[in-house]
Structure formats: structure tokens, C-alpha cells
Amino acid sequence: MTALYDVAAIGNAIVDVIAQCDDAFLEREGLVKGSMALIDPARASSLYDVMAAAIETSGGSAANTVAGVASFGGKGAFIGKVTDDQLGAVFRHDMKAIGCVFTTPSLAEGPATAQSLINVTPDAQRTMSTYLGACVELTSADVDPAIIEAAKYSYLEGYLFDPPEARRAFAKAAALAHGAGRQIAITLSDSFVVERHRAALLGFVETQCDIVFANASEVCAMFETDDFDAAVKALSERVAIAAITRSEHGSVVVAGGQVHEISACPVEKVVDTTGAGDQYAAGFLYGLSQGRPLPVCGQLGSLAAAEVIAHYGPRPQVNLRDLAAQNGL
């Protein structure tokens with residue numbers, strides 16, 4: 001089958017609410033700096049009321065990655081659940097505006113479209129409090145075989161490992177992709193996700209995944225060690241490609257016994273790290289879809305991550321294809 005999409009992503013469809021704060025605010029609100037915590041509607045309402053003036057924008061980790069792929073000039077599709085409400089309409093419009101195929105049916109009733117309240121401290125660390133709402137209603141029935149089988153890479157968001165039904169959606173996607181000769185990539189998303197589901201997540205990675213994205217804390221959490229090199233080695237023995245980001249220290253890409261160390265792209269001022277890992281994955285997967293060498297894929301990832309941390313919001317504000325060309329990529 002001819003590939004219609006470079007990347008098809010399955011993830012949480014979320015509208016982000018991003019505001020600046022200081023460390024004292026996090027302490028007052030009982031928030032763990034740099035983490036992602038799940039909250040209920042009441043907590044979402046009370047936290048929203050005390051946050052500073054905010055920027056509201058469509059987000060969700062995997063959706064952000066597809067947005068990055070599109071900015072590079074790639075073809076993307078997204079599978080995720082929204083409700084037929086105002087925020088759901090905003091999310092659907094935004095995906096269509098970037099040229100992404102998003103045909104998952106909306107919920108007619110039930111929980112509202114998801115929102116993530118993101119507080120950003122002066123050191124650019126983001127602390128997320130997420131009401132998943134409609135996201136938890138995603139089922140295996142929402143995984144469209146026509147999309148997965150026509151995508152070079154299907155990209156799965158680790159945050160979705162929380163709802164059991166979403167795991168069945170992942171299993172269906174993996175079976176469809178591999179049956180069509182395609183590949184499955186997953187991002188571990190958050191060290192707390194890893195700790196909650198370590199055994200099941202590791203089992204899925206070992207048996208169903210070809211490519212894994214993680215940061216240093218996530219890969220160390222996966223293998224319950226503080227030894228970064230040991231954790232990377234353990235992951236690389238289980239998948240074809242392991243791409244591990246290390247913030248300002250760049251990333252490490254391991255495949256076929258070869259280790260590629262990728263430098264971070266310089267940033268004049270880091271404003272907001274929201275979406276950095278999402279955009280790294282976007283550049284990397286876009287590069288893979290175009291047959292680029294792994295070091296170049298890593299460089300494209302670093303370039304996209306550097307662009308997004310230089311401003312508020314989780315998606316590119318410039319054309320990444322043009323930016324890559326300007327940097328000889």
C-alpha cells in the first residue's frame with residue numbers, strides 16, 4: 001500500500017492553558033515542579049481561577065508532534081477524542097488548519113474536551129495539571145485501519161497508557177501497522193507515567209515498538225536506575241531505535257549497536273519548555289520518513305525543539321521546513 005501519511009499519531013486531544021508563575025505559586029497549590037498530574041473538573045476550575053493571564057492553544061503531546069511534522073512539510077494524521085463542545089471545535093479547527101487529517105468522531109455527550117493547565121516558572125520548567133475529559137473515551141474502535149496502514153510511522157503517546165481502553169487501541173494500532181509492514185514509535189511521556197505502569201509499558205515496548213522516545217528521567221525510571229548510560233543501553237537492547245533527549249546536553253540516538261550523540265541547538269533565551277520533547281519527535285520522525293540518516297534525524301529534532309522552547313506554546317511558530325533549510329538540513 002502506498003503511504004499516504006508520514007506520521008499518524010494517537011494521543012490525548014487537549015487544549016492547553018499556559019500561564020507564567022513563580023515557585024511560590026507551585027508550593028501554594030501543591031504542584032510538583034516539572035510534573036504532569038491528572039485532576040478532576042473541580043480542581044481544574046479552582047486552579048484556573050488562581051492562575052495568571054494565560055494563552056490558550058490546542059495541544060496534546062502527540063498532536064503537537066503531528067503539528068511539527070506538518071510544519072516540516074510532512075503529511076500527518078491524528079487519532080484522539082474530543083467532545084462536540086466549544087473546545088472540541090477549537091481543537092478540530094486547529095488540526096485542520098495545519099493540514100492534519102483528523103476524522104475521529106466527537107462525543108455527542110459526556111465529559112468535556114480535555115484541558116491542560118500549564119504553569120511555567122522563570123527557569124522555563126512547565127508544571128502541568130491535566131483534566132483528561134473526553135480523552136479517556138478513546139477506544140480501539142476509534143483506531144481507523146485505513147489511517148494506520150497508510151502511515152509510514154504510527155506514533156503513540158505514553159500518557160494514554162493510563163486508561164485501559166486506550167491500551168487496547170495501542171495494541172490494535174501496533175497489529176495493524178506491523179501487518180502492513182509499517183513501524184510503531186512511542187514516547188514514554190513522563191516519569192510518573194513510567195512509574196505507574198512500568199511492567200505493562202516495558203512489556204509493550206519490548207513486543208510492539210520499533211522506536212522509543214524518552215528523556216533522561218523517563219528512561220532511568222523505566223529501568224529503576226540513576227545510571228543514564230545503563231538505562232540507555234537497556235532500552236536500546238529492546239528496540240530498533242532509541243532516542244533519548246537530555247535538555248541542553250542534546251540527545252543520544254542508539255540503533256544497531258551504534259551510538260550517535262546529537263548536540264542541542266543554541267537558544268538565545270529559553271522561555272517555555274512545553275512541547276520540547278514533542279517537537280524533537282516531530283523532527284526525528286519527519287527525518288526518518290524522508291529516509292534521512294539517524295544523525296540528521298536527531299539534528300532535525302534538536303532544531304524543532306530549540307524553536308519551540310524560545311516562545312510560549314507547544315507548537316512551532318515558524319515554518320520548520322524553511323528553518324531546516326536555513327541550517328543546511
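Tutor: One definition before we start: strands here are DSSP runs of E, at least two residues long, and they are numbered from the N terminus. Also, this is a predicted model.

Student: Okay. In the hairpin of strand 6 and strand 7, which residue takes a positive phi?
Tutor: Ala-124 does, with a phi near 75°. The hairpin has 5 residues between its strands.

Student: How many bridges join strand 6 to strand 7, and how do the two run?
Tutor: There are 6 bridges, and the strands run antiparallel. Look at Leu-117: its bridge partner in strand 7 is Ser-129.

Student: What stands opposite Ser-129 from strand 3's pairing with strand 7?
Tutor: Ala-37 stands opposite Ser-129. Strand 3 and strand 7 run parallel, joined by 3 bridges.

Student: What holds paired strands together in general?
Tutor: Backbone hydrogen bonds, in either a parallel or an antiparallel arrangement.

Student: Is strand 7 buried or exposed?
Tutor: Mostly covered: 6 of its 6 residues are buried. Both faces are involved. On one side sit Arg-126, Met-128 and Thr-130. On the other are Thr-127, Ser-129 and Tyr-131.

Student: What's the strand order in the open sheet of 5 strands?
Tutor: The order is 3-7-6-2-4, and the pairing is mixed. Strand 3 (36-38) and strand 4 (54-59) stand at the edges. Each has a single partner strand, so one side of each is left without a neighbour in the sheet. From one strand to the next, the twist averages 20°.

Student: How do strand 2 and strand 4 pair?
Tutor: In the antiparallel sense, over 6 bridges. Strand 2 covers residues 14-20. Ile-14 stands opposite Gly-59 in strand 4.

Student: Which helix lies across strand 2 and strand 4?
Tutor: Helix 4, residues 86-97. Helix 4 runs at about 65° to strand 4.

Student: How many bridges join strand 11 to strand 12?
Tutor: 5 bridges, with the strands running antiparallel. Strand 11 is residues 241-245, and strand 12 is residues 251-255. Thr-245 stands opposite Ser-251 there.

Student: Changing topic: how many disulfides?
Tutor: The count is 0. Take Cys-209: the closest cysteine sulfur, in Cys-297, is 18 Å from its own, too far for a bond.

Student: Is Cys-209 buried or exposed?
Tutor: Buried, at 7% relative accessibility. Cys-21 is buried too, with a relative accessible area of 12%.

Student: And Asp-142: where does that lie?
Tutor: In the loop between strand 7 (126-131) and helix 5 (145-148). Asp-142 counts as buried at 11% relative accessibility. Leaving out residues up to four places away in sequence, Asp-142 touches Ile-79, Lys-81, Thr-104, Pro-105 and Glu-137.

Student: What about Ala-108, buried or exposed?
Tutor: Exposed, at 72% relative accessibility. Ala-108 is in the loop between helix 4 and strand 6 (114-120).

Student: How far apart are Ala-108 and Ala-175 in space?
Tutor: 29 Å, C-alpha to C-alpha. In sequence they are 67 residues apart.

Student: Last one. What volume does the second largest pocket have?
Tutor: About 150 Å³. Its lining includes Cys-265, Pro-266, Leu-303 and Asn-327.

Student: Which helix gives the most to that lining?
Tutor: Helix 12 (residues 294-308), with 3 residues.

Definitions and conventions: Residues are numbered from 1 along each chain as its sequence is written. This is a predicted model: local features need pLDDT of at least 70, side-chain atom pairs count only at pLDDT 80 or more; totals for chains, interfaces and linings use all residues. Side-chain values use heavy atoms; hydrogens and water are left out. A disulfide is a pair of cysteine sulfur atoms within 2.5 Å. Buried means under 20% relative accessible area, exposed over 50%, partly exposed in between (1.4 Å probe, protein chains only). Two strands pair if DSSP finds at least two bridges between them. Helices (H or I, at least four residues) and strands (E, at least two) are DSSP runs, numbered from the N terminus. Axes are lines fitted to C-alpha atoms, for helices over the stretch in contact, and angles run from 0 to 180 degrees between N-to-C directions. Contact means heavy atoms within 4.5 Å. On a 1 Å grid over the protein atoms alone, a cavity is a set of points where a 1.4 Å probe fits but cannot get out, and a pocket is an open set with protein on both sides within 12 Å along at least five of seven lines; lining residues have an atom within 4 Å of a point. Grid points are joined across faces, edges and corners, and a volume is the space filled by probe spheres set on the points.
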